[in-house]
Amino acid sequence: MKLHSAAALAALVLALCAPMARAQTITTPEQAFGHAVGEDYRLINYRQFERYLHTLAGQSDRMKLLEIGRSTEGRTQYVAVVSSPANIARLDHYRDIARRLAKAEGVDEAAARALAAEGKAVVWIDGGLHATETVPPQALIAAVYEWLTAQDSEALRVLDDVIILFAPLNPDGWDLVSDWYMREADPTKREFASLPRLYQAYVGHDNNRDYYLSAMTETTNVNRMLFREWFPQIVYNHHQTAPAGTVVFMPPFRDPFNYNYDPMAMTTLSEVAAAMHNRLIEEGKPGATMRSGASYSTWNNGMERSVTYFHNAVGLLTEITGHPSPSRIALVPDKQLPRNDLPAPIAPQTWRFRQSIDYSLSINRAVLDYASRNRDRLLFNIWRMGANAIARGETDTWRITPARIDALEEAAAGERSGRAVDPSLYDKVLRDPAQRDPRAYVIPADQADLPTAVAFLNSLIKTGVDVDRATRAFTIAGKTYPAGSYVVRTNQAYRPHVLDMFEPQDHPHDLQYPGGPPALPYDATGYTLALQMGVKFDRILDAYDAPLERVPDLIATPPGRLSGRGQAGFVVDHAPVNGFILTNRLLKAGQPVFWLRQPTRADGRMLDPGALWIPASDASSALVRQAVDDLGLNAEAVDAKPGGEAIALKPIRVGLVDRYGGSMSAGWTRWLLEQFEFPFEVVYPQRLDAGDLKRDFDVLVFAPDLLPRDFPNGTGRRQPAPETIPEAYRAWLGDITAERTLPQIAAFAQAGGTVVTAGSAHRLAMALGAPIDDVLSTMVDGRARPLPSTELFIPGALLSIDVDKSHPLAFGAPERLNVFFDENAAFTVRDQARIAGRYPSPTVVSSGWAIGPEKLAGAAALVDAPLGQGRVIVLGPDVINRAQARASVRFLFNALLYGPATAP
């Protein structure tokens, strides 16, 4: 008996020690990096973390390391999948369960419950998207190690129930920021406020505004994981920084509520948020705020955590304090009084980097514990939301938005008793058949710019939306569509995202108090991607039948058509934006290309002014044929040059103006110029100040966010002293000033150069003396000031403009199109300035929120103003807008070619 007891005791000891022995084989961060994660004055770079990930993957049976793609600068992007060894062995099986439940198609309720009972919750936890927010990527290192080694009962339960996807999001920026910080030998001199460039090569902070367009490679990699491969039910996006006087902002978020997503996405978000707050309070970690504690809302679709709401998942954002150099929690009086949105205030104190990482790890635990305890509910409810979406797309439904409530109030005027109104108005107004949600959207294959429509559809596909293609011609509601047309159904799980990309956003009239100024929205209020890209589509309101096949993956641009047998040259429509790629290839090859000023008949139809005339040669013919095949352009070979006046285009030398630290708008512009193969050079203020600009450039481009609001009186952001940065970056320092820079830019234009300003860079054009006046400002003490927000407030919305199709700036554009307006300007003109586009009267707000839009009625949006032998071209709205504004970016592209072509 004693022998048996001794043997049993020995076996028990071995069993208890075995996990500890295995844990001891895992390399600690201290062993890997020579110091603890979160040590003051220390940042671990991405290269070090990458090596550590490979080390851990070779040591732990709880982890599988996935390569998910390359970053913009070529680094490998990884996801560390962490779970129990048993789950790791069956990852493909559990991933398939997550996919079937998320997509919901063909899965009934009984099957969904069985799958939910069998499956594992999938939770995405990331860090490093905004690379100067250094807590999240460093905390990610600590989190991976924690979950590979933890042996407590909670952790083991979580690992059995949950598959965790740990994801570093911005490898390029992580290396840039960490290396910049650590370059100083003296720890007290370490900083990253003086970074010379954006921490994502093109777009910097806007990498978290790219999640529905999915233009950047990193975004595409992440969207594929979230919505096409792994389908997590919770996506936790770590950020910085916290509101002053607090440690961390956490959900839930303030209103407004977007009217497209399933309400269960928000109620589940509130559940998870409660677990997060409770965990910190249980652990004695005060200082967390929520809702009114910051401006974050759930309206805009473009962020990583918010795009998940439109995919029936829970998106979490936290904004935490912290810095590798010790910092302080400030004393803010109103942050010392407990309230619902700040239940546990924190005292002012010195704050260490590791404290922020410990908070982050605790919040992770709260989220993962919630996912474990609610595993089957999370899995079933993502199916329920997807099934709801499919059902709604197969019947008549109505979304209730502020405009419909306004219509209800108007219908009830004079007939109400107290707050209630006649209940019959519910069906009459809120169930108006004309206001039904679409069953589908048809994108005709015969539209003028099919390649851009395909680019739009690819953005949908990258975010998991199903797209169908017609195998032959079909007719719906009396209209016939050609074979190859595309259909986006709304009876699919990601219906909320489909609606948000096609339908106008109807943002509420959100005031700080009744009769008061507007509450500043967190981001754009109107952003409908189909409208920004100029996609032609029809809304299908009734049941329909069409010969469709599912598009299996991203769509290759369909080949265009080469018609005619003429030998003189080719005529190509100006409408497809891809025509600029062909133009730039021709000019680069030394081949002539012209814009025809008059309407031209080609391929059996009349083309608007601006059609390309390309004289035939061996070189030009090869480029045209390639463009037909690869770019989707239509060309007609003709026997003679079409009659009428033509503008001969010239090879151009573009200077894209940027600044030290980087402009995000200039970065988006740089990306677009590369995509459309424009030749350009980035130019900094010192080069502008040196003068003789016409020697090197034909066009100078100033992006919307380049100048300070009070230009030319103010200066830009603070810059480092030259001796404190590497010599390679010193030529990037400097500001655009009235004293040094403006005279050189004016001399450039006087000598025949073209100056192009976009959006708020119109201030430069006015400082140069362009004959324009901003109708949206008022004079105060001799200076132009914006109108009060109670009179004019358009914080990111889509407005319509009407264009003069005979003006070269508007070549290829339809008579009316949508532009993105974000507190920009509108103009009256004087002297010889010509208006190429203006806001209609009355003003049309196509998507989003606007106070006082009538003040734009009839005002100029696009202005062509001569200046000496050159010209200043003023593009009033933001025609670039994060590369989403594909319809209006043609105005910029036209300007780049038109100015030099007409210069002496």
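Val 571 stands opposite Glu 636 in β24. That puts us in a predicted model, where local features need pLDDT of at least 70, side-chain atom pairs count only at pLDDT 80 or more, and totals for chains, interfaces and linings use all residues. Residues are numbered from 1 along each chain as its sequence is written, and side-chain values use heavy atoms, with hydrogens and water left out.

Back to the strands (E runs in DSSP of at least two residues, numbered from the N terminus, just as helices are H or I runs of at least four). Strand β19 (residues 569-572) pairs with β24 in the antiparallel sense over four bridges; two strands count as paired if DSSP finds at least two bridges between them. Strand β18 (residues 562-563) also pairs with β24, but in the parallel sense and over two bridges, and Leu 562 has Ala 635 as its bridge partner there. As for side chains on β24 (residues 635-638), Ala 635 and Ala 637 point one way, Glu 636 and Val 638 the other, and all are buried, meaning under 20% relative accessible area, where exposed is over 50% and partly exposed is in between (1.4 Å probe, protein chains only).

β19 has another antiparallel pairing, with strand β23 (residues 612-615), over four bridges. Here Val 571 turns up again, with Trp 613 as its bridge partner. Trp 613 also stands opposite Phe 594, in the antiparallel pairing of strand β20 (residues 594-596) with β23 over two bridges.

## A five-stranded open sheet

Elsewhere, five strands line up as β16-β11-β15-β12-β17 in an open sheet with antiparallel pairing. β16 (538-540) and β17 (548-550) are at the edges with a single partner strand each, so one side of each has no neighbour in the sheet. From one strand to the next, the twist averages 30°.

Inside the sheet, strand β12 (residues 468-470) and strand β15 (residues 486-489) run antiparallel and are joined by two bridges, with Arg 469 partnered by Tyr 486. Helix α17 (residues 450-462) packs on the sheet, touching β11 (440-443) and β15, and its direction makes about 30° with that of β15. Contact here means heavy atoms within 4.5 Å; axes are lines fitted to C-alpha atoms (for helices, over the stretch in contact), with angles from 0 to 180 degrees between N-to-C directions. Helix α18 (residues 495-502) lies across β11 and β15 too, running at about 50° to β11.

## Two helices side by side

Helix α3 (residues 46-59) and helix α7 (residues 135-149) pack at an angle of about 10°, their axes 11 Å apart. They are therefore roughly parallel to each other, a label for angles under 35 degrees. On the α3 side the contact is made by Phe 49, Tyr 52 and Leu 56, and on the α7 side by Leu 140, Ile 141, Val 144, Tyr 145 and Leu 148.

## A bent helix and a loop

Helix α10 (residues 217-229) bends by about 30° at Asn 223; the bend is the angle between axes fitted to the seven residues ending at a residue and the seven starting there. Asn 223 is among the buried residues of α10, which also include Met 225 and Phe 227. Just after α10, Phe 231 takes a positive phi of about 55°.

Gln 336 is in the loop between β9 (327-329) and β10 (349-351) and is partly exposed, with a relative accessible area of 32%. Residues that Gln 336 touches, not counting those up to four places away in sequence, include Leu 331 and Ile 346.

Technical notes. Parallel < 35°, antiparallel > 145°, perpendicular 65-115°, else oblique.
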